[in-house]
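Here are my notes after going through the model you sent over. Have the sequence and the 3D view open while you read.

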Amino acid sequence: MPASNSLEPYSLDLTTGLPRMAAAPTTPRQQLRYARILKTAEGFAQRQFDTLSLSDVAARADIPLGTLYRYFPSTAHLMLAVYRQQLRELRDGVRRREGKGHALAGLMMEIFHLRVMQPGVEHCLIRPAGKDDDTAQLLREIDALSEEVVGSLSKDTGKDSVRARILLHLVSGLVQAVRCRRLSLFEAEKDLKKACSLLTGE
């Protein structure tokens with residue numbers, strides 16, 4: 001009888017076996033430090049994912065590396081948290097706007113540019129979530145936030161979620177087309193504006 005192979009199959013899931021993310025801080029001092037981490041990481045998100053280092057982010061933010069690891073056990077966790085925070089800021093900005101008008105196209109353009117200009121974030125958005133619960137939860141929150149932001153500018157509340165998902169899927173496709181150089185940035189922006197016009201009837 002042949003001996004069984006005890007080696008586990010090779011896994012590309014780099015988040016497997018990582019510690020859980022600590023809960024978001026509650027004290028004002030911790031919240032300021034947490035916000036500083038995310039703001040600093042935004043600059044690093046504009047780099048390619050394989051050039052990112054948590055130690056570099058910690059040094060730039062003047063944060064102990066152990067503190068950074070406690071909140072973000074991997075670079076993927078940090079990049080997804082950066083994008084989640086950016087979506088929250090977009091949502092809050094939408095809530096402050098009085099008129100909707102042509103705001104949908106502008107908002108979709110903001111989301112598109114956040115993704116196309118931040119390769120570090122985009123890499124994490126399109127990779128499989130794997131077996132890590134924290135990464136899966138971050139992606140679920142990002143999906144819900146994205147739909148909430150886009151859907152809030154739709155005039156037909158009955159079609160908000162469907163319209164939002166269509167536009168968000170379009171953004172994903174356009175970002176990949178630009179990154180693969182099948183479309184120029186200008187062509188992708190033009191297509192996105194046209195889609196918003198068609199869906200809103202404006």
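1. Ground rules. This is a predicted model, so keep in mind that local features need pLDDT of at least 70 and side-chain atom pairs count only at pLDDT 80 or more, while totals for chains, interfaces and linings use all residues. Residues are numbered from 1 along each chain as its sequence is written, and side-chain values use heavy atoms, with hydrogens and water left out.

2. Overall make-up. The protein has nine helices and zero strands, where helices (H or I, at least four residues) and strands (E, at least two) are DSSP runs numbered from the N terminus. Read from the N terminus, the order is simply α-α-α-α-α-α-α-α-α.

3. Of the 202 residues, 44% count as buried; buried means under 20% relative accessible area, exposed means over 50%, and partly exposed is in between (1.4 Å probe, protein chains only). Take the contacts (heavy atoms within 4.5 Å) with a separation of 6 or more: residues 24 or more positions apart account for 73% of them.

4. Helix α1 on its own. It has 17 residues and reaches 25 Å from its first C-alpha to its last, close to the 24 Å expected at 1.5 Å a residue. The expected span here is 1.5 Å times one less than the number of residues. The buried residues of α1 are Tyr34, Ile37, Leu38, Thr40, Ala41, Glu42 and Phe44, and what covers them includes α2, α3 (65-71) and α4 (75-96).

5. How α1 meets α2. The axes of α1 (residues 28-44) and α2 (residues 54-61) come within 9 Å and cross at roughly 120°. Axes are lines fitted to C-alpha atoms, for helices over the stretch in contact, and angles run from 0 to 180 degrees between N-to-C directions. The two helices are therefore oblique to each other; angles under 35 degrees count as roughly parallel, over 145 as roughly antiparallel, 65 to 115 as roughly perpendicular and the rest as oblique. The crossing is right-handed, a label used if the near helix is turned clockwise from the far one by less than a right angle (left-handed if anticlockwise).

6. Who touches whom there. On the α1 side you'll find Arg36, Ile37, Thr40, Ala41 and Phe44, and they meet Asp56, Val57, Arg60 and Ala61 in α2. The residues of this contact divide into five nonpolar, one polar and three charged.

7. Two threonines to click on. Thr40 lies in α1 and counts as buried because its relative accessibility is 15%. Leaving out residues up to four places away in sequence, Thr40 touches Val57, Arg60 and Ala61. Thr67 lies in α3 and counts as buried at 9% relative accessibility. Thr67 and Ile37 are 30 residues apart in sequence and 9.8 Å apart in space, C-alpha to C-alpha.

8. The α4 and α5 pair. Their axes come within 12 Å and cross at roughly 165°, which makes α4 roughly antiparallel to α5. This crossing is right-handed. Tyr83, Gln86, Leu90 and Val94 in α4 meet Leu107, Glu110, Ile111, Leu114 and Arg115 in α5, and the residues of the contact divide into six nonpolar, one polar and two charged.

9. Where does α6 sit? Six of the eight residues of α6 (residues 119-126) are buried, so this helix is largely enclosed by the rest of the structure. The buried ones are Pro119, Gly120, Val121, Glu122, Cys124 and Leu125, and they pack against α4, α5 (103-116), α7 (133-151) and α8 (160-179).

10. Backbone angles to check. Asp62 has a positive phi of about 55° although it is not a glycine. This aspartate lies in the loop between α2 and α3 and is exposed, with a relative accessible area of 64%. Arg181, also not a glycine, has a positive phi near 65°. You'll find Arg181 in the loop between α8 and α9 (185-200), where it counts as exposed at 77% relative accessibility.

Methods
Nonpolar A, V, L, I, M, F, W, Y, C, P; charged D, E, K, R; others polar.
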